[in-house]
Amino acid sequence: MDITSDIHSQHISRQFNHELEELKTHLMAMGGLVEKQVQDAVNSLLDADSSLAERVVDNDRAVNDMQIKIDDECTRVLARRQPAASDLRLVLAVIRAASDLERIGDEASKIARNAIELIENDSGSRGFVEVRIISEHVRRMMRDSLTSFARFDTDLALQIVEEDQKVDSEYQSAMRSLMTFMMEDARSISPVLGIMWILRALERVGDHANNLAEYVVYLVKGLDIRHTNPDDLDEEVGDR
Amino acid sequence: MTVMQHTPSTSGALIDFSAHASSLEVRDFALRYGDKPALSNLTLRVPRHRVTAFIGPSGCGKSTLLRALNRLHDLNESVSREGSIHLEGQDIHAPEMMVAELRRRVGMVFQVPNPFPMSIYDNVAFGLRLQGRMPKRRVDDVVEWALRSAALWDEVKDRLRASAWSLSGGQQQRLVIARTLAVGPEVLLLDEPASALDPISSLKVEELIRNLKSTLTLVLVTHNMQQAARVSDYTAFLQDGELVEYGPTDTLFTNPRLARTENYITGRMA
């Protein structure tokens, strides 16, 4: 049975409604912060703004704190309410999503640290085009994955799974062109490696956004698609 | 109304009855108290050597169905029924089916423990003695076996002659289960067997239910959904005398197919 986004506000216990709504609200707040962290980290590189990059590194602690808070709330709900069916799936999806958001936060922090090094070494703007393209793509995926979570929108979630494949191929192509730079000019190895780490982090952000989308399908349809071949997804999810 | 029943023709998460033979089979069963329908158009199979739980709101018919499984409604003249119930393929309402024999094969345990006003030993031996004379040594053996099966032997072996009423509520309930086991049933019906017990005694009864399924088919009626989720292999959700959804407990409690089931097990307003 598919569920809708208002299902968790229909319990006889209003306190339980409130607790579940709080979980979703706090997850969305964490998502908003993490989204901004990724955006700031990329902008710090593109705008050569090392103070912004430092703020991103500092803010990672706030992301970690939010994950701990959400985990605590989920533990309390599990212990006190013993949720079942869609309520149980919501709690599990929130725990998993918070873990992926925390990892996205770590990736943002990695991007910012590499940006600081590149800015300090005045490494030029080689690879910025690739960073810009992939970052826009993964940020859109992140935004959509959070929206699909908020709206319980599995159609949007499935689009994100498809998008992730595109990001993976963009990433491979960027890697190839950056390798060419390194082969052509040995002096570019160090700065280009920095950009490669940043691209790698962005590609991982895409993977985590993809995970969030998979949790939405689990939450709404009770279907675990984590290890399903993307080509079989429409058929598998459509059947339910 | 859609009934989600699991049949061999369907696959995936549904119950595969080809893997479990049915012990009890209810076919198109309906029951009325006078003019008032209590169960309607009910068809389900209870897999052998598994625990099946009936859940549903008060008045949904789950206890009525349980009692129908060993003909406890027979003496109520206002009750009328349609359809049939089969135990290992035999119609339980067939003229050749003796009620006493049916109730030996399909034992019942109620919400409040009801030991007889006699010793622990005599309670367990009671049913055996009804079946005719038996050498004392043999009775001793069966009493010990039944008390061990009911996980009570170690607690009572030194006071078998003490009154059954001297036992705690949880012990009395296990004694009643031992009394039922002593006559060698195939099916054990449990009507809210732990609802009058404290949490530790409840867990002991639940553990006992789990252990008994290696040799018995168990059917449990409970208001306690966590208990149904903990001990049963299959769960049937009834509402207004109808079977709404029936499936593996794991599926029903994580991803029920119907909104009515979801609303009930998650405590939502209908």
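I take helix axes as lines fitted to C-alpha atoms over the stretch in contact, with angles from 0 to 180 degrees between N-to-C directions. I am working on a predicted model.

**Entry 1. Two helices in chain B**

I began with helix 3 (residues 120-130) and helix 4 (residues 136-149) of chain B. Their axes come within 9 Å and cross at roughly 115°. Angles of 65 to 115 count as roughly perpendicular. I therefore logged helix 3 and helix 4 of chain B as roughly perpendicular to each other. The crossing of these two chain B helices is right-handed.

Next I listed who makes the contact. Helix 3 of chain B brings B:Tyr121, B:Val124, B:Ala125 and B:Leu128. Helix 4 of chain B brings B:Lys136, B:Val139, B:Asp140, B:Val142, B:Val143, B:Ala146 and B:Leu147.

B:Tyr121 came up again when I looked at charges over rings. B:Arg161 lies over its face, at 4.2 Å from the ring centre.

**Entry 2. Helix 1 of chain A and its partners**

I moved to chain A. Helix 1 (residues 14-46) packs against helix 4 of chain A at an angle of about 175°, and the axes are 11 Å apart. Over 145 degrees counts as roughly antiparallel. So helix 1 and helix 4 of chain A are roughly antiparallel to each other.

I wrote down part of the contact list. From helix 1 of chain A it includes A:Leu27, A:Met28, A:Gly31, A:Gly32 and A:Glu35. From helix 4 of chain A it includes A:Phe128, A:Arg132, A:Arg139, A:Arg143 and A:Phe149.

Then I checked helix 6 (residues 189-221) of chain A. Helix 1 of chain A packs with it at about 160°, with the axes 12 Å apart. This pair is therefore roughly antiparallel as well. Helix 1 of chain A passes helix 6 of chain A in a left-handed crossing. On the helix 1 side I found A:Val38, A:Val42 and A:Leu45. They meet A:Ile195, A:Ile198, A:Leu202 and A:Val205 of helix 6 of chain A. A:Val38, A:Val42 and A:Leu45 are also among the helix 1 residues that meet helix 4 of chain A.

**Entry 3. A glutamate in helix 6**

I stayed on helix 6 of chain A for A:Glu203. Is A:Glu203 buried or exposed? Its relative accessible area is 7%, so I marked it buried. Leaving out residues up to four places away in sequence, A:Glu203 touches A:Val167, A:Asp168 and A:Tyr171.

**Entry 4. Aromatic rings**

I counted aromatic pairs. Over all chains there are two. In one of them, B:Phe237 and B:Tyr264 have ring centres 5.0 Å apart and planes at 20°, so I call the pair stacked.

I looked up burial for both. B:Phe237 has a relative accessible area of 0% and is buried. B:Tyr264 stands at 18%. The cut-off for buried is under 20%, so B:Tyr264 is buried too.

Chain A gave me a charge over a ring. The charged end of A:Arg126 sits over the ring of A:Phe181, 4.8 Å from its centre.

**Entry 5. Positive phi**

Which residue of chain A has a positive phi of about 55° although it is not a glycine? I found A:Phe152. A:Phe152 is in the loop between helix 4 (128-151) and helix 5 (154-184) of chain A. Its relative accessible area is 6%, so A:Phe152 is buried.

In chain B I noted B:Asn41, with phi near 45°, again positive and not a glycine. B:Asn41 sits in strand 2 (residues 36-47) of chain B. At a relative accessible area of 60%, B:Asn41 is exposed.

I took A:Ala62, in helix 2 (residues 50-81) of chain A. It is partly exposed, with a relative accessible area of 34%. A:Ala62 and A:Gly105 are 43 residues apart along the chain, and their C-alpha atoms are separated by 9.5 Å.

Then I took B:Asp198, in the loop between strand 7 (187-191) and helix 7 (199-212) of chain B. At 40% relative accessibility, I have B:Asp198 as partly exposed. How far apart in space are B:Asp198 and B:Arg129? I got 32 Å, C-alpha to C-alpha, for a gap of 69 residues in sequence.

Notes. Residues numbered from 1 in each chain as written. Chains lettered and ligands numbered in written order. Predicted model: local features only at pLDDT ≥ 70, side-chain atom pairs only at ≥ 80, totals over all residues. Heavy atoms only, no water. Phe/Tyr/Trp six-rings, centres within 6.5 Å; stacked < 30°, edge-to-face > 60°. Buried < 20%, exposed > 50% of the residue type's maximum accessible area, 1.4 Å probe, protein only. Lys NZ or Arg CZ within 6 Å of the ring centre and 35° of its normal. Helix = DSSP H or I, 4+ residues; strand = E, 2+ residues; numbered from the N terminus. Parallel < 35°, antiparallel > 145°, perpendicular 65-115°, else oblique. Left-handed = near helix turned anticlockwise from the far one by under 90°. Contact = heavy atoms within 4.5 Å.
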